[in-house]
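Subject: Structure handover

Hello,

Here is the structure I promised to pass on. Please open it first, then read my notes below.

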Amino acid sequence: MRIFLLFYLSIGSYLIGEEIWLFASAHSTGAYGTNWRTDVSILNNSLEEAAVNVYFLQSGIDKSEENISRNPVSLNLSSKNQIKIDDILKEKFSVEQGSGALMFSSDKELLIVSRTYNQLPDKEYGQFIPGIGISKAKKEQKLIGAVSSQSFRTNIGIINPSKTEKAQISIKFSNKKGSLIKEANVELDPWVHIQYNDLFSYFGITPQEDVSIILNSSVPIFCYLSVVDNLSSDPIFIPGLL
Amino acid sequence: MKNIIIFISILLLSLVLNAQVLAPAADGHILRNQTYVFDQSNPNQTYGGNTTYFVYFQDLYVGGEDTFTADFDPNDGKATHYNRELRTILEFDISSLNLTPNTFSAFLKVTTDGNFYPTDPTLTVEVYDQAEAEENGAITKNDYSSATQLQESQSIDAQNFDKTYSFNVTNALNSDITNSRDYSGFVLIPNPRNGNEVSFVSTYEDQSGLKIPKIEISSLQPDINVTVPSSCSTIVGTQSISTITIRNTGQGILNIDSITEISDPQNFYTLDLTGLDNSLDPQESTNFNIIFLPQTTGNFSATFRISSNDLDENPYDFTLNCEATSAGVPSIVVETSICENVPTYTSYAVLITIRNVGTATLIISSIDEISDTSNVFEIDLTGINYNLPPSGYTIFSIIFSPDLSGNYSGTFRVSSNDPQKPNYDFNLNCTSISSTEPDIEVNPTEIFWNNARPSITSTQIVTIRNKSTNPTGILRISSVTLSGDSVYSLDTSELKLTLNPGEQTTFKINLLANATNIFKATVSINSNDTDTPTVLVNIISAVTLYGIQQNNVSSNNGFIIPASALASGAYGSNWVTDVKIYNSSNSNITLRIYFLPTQSNNISAASGDFILESSQTLSIPNILKILFGLTEGVGAILITPQQANSNLLTTSRTYNLTEEGTYGQFIKGYSVNDFITSGEKGYLLGLQKDSRMRTNVGFNSLSEGANLKISLYKGDGTLLASKEKALQANSHYQINDIFADLNVSGNSNSYAIVEVLSGSVFSYASVVNNQSNDPVFVPMY
């Protein structure tokens, strides 16, 4: 009975039928010859065929109306089948240069994981991004481990998963000792995904290690950090639901 | 039907010189570069018939320019055009033209106008000489059939007009001149002659935009052109040679009959006609020399004459002006730069300057080493100038490379045209001293304390040694400074700032913290070692409440980081784990961090205790080394808060450390509540084994140990294989390459189900790129 009533496990736990979000995805060619792609694996863990609608929220502060009006892509998964969609933005949404969040909607139990990676001729490197249930969106979110140094830089992403309400967000940055070092306010329209690259530069914070971030929003939100090695460009994904 | 209006005038033209219009020469030949212009007095006559039409000109005379019109307007009653063959009759009055037969070429130039019927793309036009009987200055119907000898035919563009065509009529005009006729006539006939496509050759000339036929006549005479140097100069008693060039710029062969000197009062000039070509085709040239050998100073001129068959420039006289100056003498001076205290085993470039202080050019013929008994000198002539004018100088180098200290001397010779010092010898004296370079060595350059405790001083001695073996290589330490966390201090009471070769000294670094944490600092040592002027000593310490102790493991309310490593792995990978812990509570938390080695029964384990203040982040780089003092290890990290309801956020990054940076995976700390228990299933998605990726799978248990079953499926739900595994207490177990372990072939779209048979289990997959060794950590769902 448990599996049908409440599938609730830490990072990848969902309520059956709830929206499942992938906070970041990409099909883009970036600086220094980077070539970002996102592969997604979806498992239909139910005993029936699952009809799935996939929505794409293109990143950008002004993309609200466009994201809300964009038609979803429909998928059908047989029971206990896992499909793997390589380069999902290009394959399903014909994105030639773009990034953003993905939302999966179904009345069946789905498990979703993804890998966003830089695909180079001789190697790949990337970050695991789990599917997160909408129930994990919170008005208060905490992120730890932001760093700006010779070795690393940090990007921050925020999603307003509400399709109807704006998110008024205050962001507080503290150093490793817990002292407040910066405050900022951000307003996100409904269904907006935004990523601020090199948050230390963007928000005018002195480069340092171990900065923690607390976000307080008027509506439940998602957030994440992407900490990138400056030499290898390899990122790790730190979701804001710890 | 189409109206055709024809504008024609006649122009008999030769070449133009300085825009002047001149009369022909009295003897009748065409002078080079002169112009003749012919116009007509009664230009406007036409003759019409039923089928043919033609245009004629008569009474041409020498004078200004004019035009006339041949009118084919069908409505004016003068002519009717039936779209048939149209011939053009051109008669030129040549009675005033004095031409010498066979000394010219003539080309009839006509231009098409736009009054054609559209026809084939091209049309052949033939130009004939007119019969002698009709070359009479009066054109009648008979002129229409008066064409005799074809002069030239050409294909013309019959659809695009205002194009000029040139027909060679030299033979016809030459015949008329030879026979002293007053008129020269030509008939232009389109071909085919009886088609419906009628074309007409009108004319066009750019003067006033009028359409004008013309004959261009060019002389076939030679034309001499002589180039003489504007000046020459030499020293008295020496000769200067001037080269004179003769070029034939005319159309006929230039025959040079003679070249003679006609004026040379001092008799300083001599002709040298060696190699002279006496017969030059058009545009050909030849040279001869005039030698100037003065015996006194001053400016001197001589005049020379060239006799040739040039009609209007024969003889051709020219004058050569040369200057004779007094004789000078070059004089050499050599200067050397200072060469002192050159360190042994180094190379030093001594600059040598050669100056010409004379009045004539100094010509350096060679520079040689005469003596160098110690073989320490080497001449470098890079950039030297061998010809120095008066007051000029040049620089070269002598490289001094001593291996031993002492005094050295070498002798060198500069050979030149200096009449007083044709071999200039000079000595170079250098001194060398032993190298003074010290060589610093610092030990250790990395310091870490993993077992320090608050309020207890820890001390590390750092040794500085001068490795130099050179007696003069004295090491001078200019500063030893500390930067970083304030828990560190320096004790330099025993530090010597001057170290002779082989000598060493020490200083101390003290650690005294009043709280737990990870502390970092750097000591900078600056010295006169030019190779390594600054040496850094990096310090990092883990200060825990009680040091690292073995404690019983209690995982009931903790967080587990499922995997950590300090290890070498597959494909040359080097794995390291950094951990961050954030106190999200409003009060201090005392936490204990355990390392749970893989495949061990971890009833007890090494652990360190920290007190973490509210909102504080504890960041532990390379936790297995810095905190636990290990040189290698693999396992899980357990973090247990001592206070109930403690709110901790725990993260880690396990990465492959390479020269290109790091490639890593984020692994958070999972609560024991995230473990699944007996009868429950966990899912591992996105598993892969192919040319791109490989997959490892890991498990963690809690205090009671566990039994589990892992089943591997293809994406379509087909079971590939399964196995059971027993885990000891608080254990970590990882299966590298789960596909190989289960003896199944690779698959790019797989998942696994972990079923707990007893106890509590957390599971994860680590999917690794084969090329970069970059992993992603996939937690159990």
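**What I found**

Chain A has 4 helices and 15 strands. Helices (H or I, at least four residues) and strands (E, at least two) are DSSP runs, numbered from the N terminus. Chain B has 3 helices and 58 strands.

Two notes on reading this. The model is predicted: local features need pLDDT of at least 70, side-chain atom pairs count only at pLDDT 80 or more, and totals for chains, interfaces and linings use all residues. Residues are numbered from 1 along each chain as its sequence is written, while chains are lettered from A and ligands numbered from 1 in the order in which they are written.

**Burial and contacts**

In chain A, 50% of the 242 residues are buried. In chain B, 40% of the 781 residues are buried. Buried means that 20 or more other C-beta atoms lie within 10 Å of the residue's own, with C-beta atoms placed from the backbone.

Take contacts between residues at least 6 apart in sequence. In chain A, 76% of them join residues at least 24 apart. In chain B, the share is 75%. Two residues are in contact if their C-beta atoms, placed from the backbone, lie within 7 Å.

**Where the chains meet**

**Cores**

The largest nonpolar core has 167 residues. Such a core is a set of buried Ala, Val, Leu, Ile, Met, Phe, Trp, Tyr and Cys residues joined through C-beta atoms within 7 Å. F23(A), L684(B), A752(B) and V778(B) have the most contacts inside it. β57(B) gives the most to this core, with 11 residues. Leaving aside residues up to four places away in sequence, V778(B) touches residues including V113(A), F128(A) and L684(B). A second, separate core of 26 residues includes F92(B) and I94(B).

**One sheet to look at**

In chain B, an open sheet of 4 strands runs β24-β26-β30-β28, with antiparallel pairing. Strands pair if DSSP finds at least two bridges between them. β24 (332-336) and β28 (377-380) are the edge strands. β26 (residues 348-356) and β30 (residues 393-400) pair over 8 bridges. There, V350(B) stands opposite I398(B).

Best wishes

Note on methods: A residue is buried if 20 or more other C-beta atoms lie within 10 Å of its own, exposed if 12 or fewer, and partly exposed in between; C-beta atoms are placed from the backbone.
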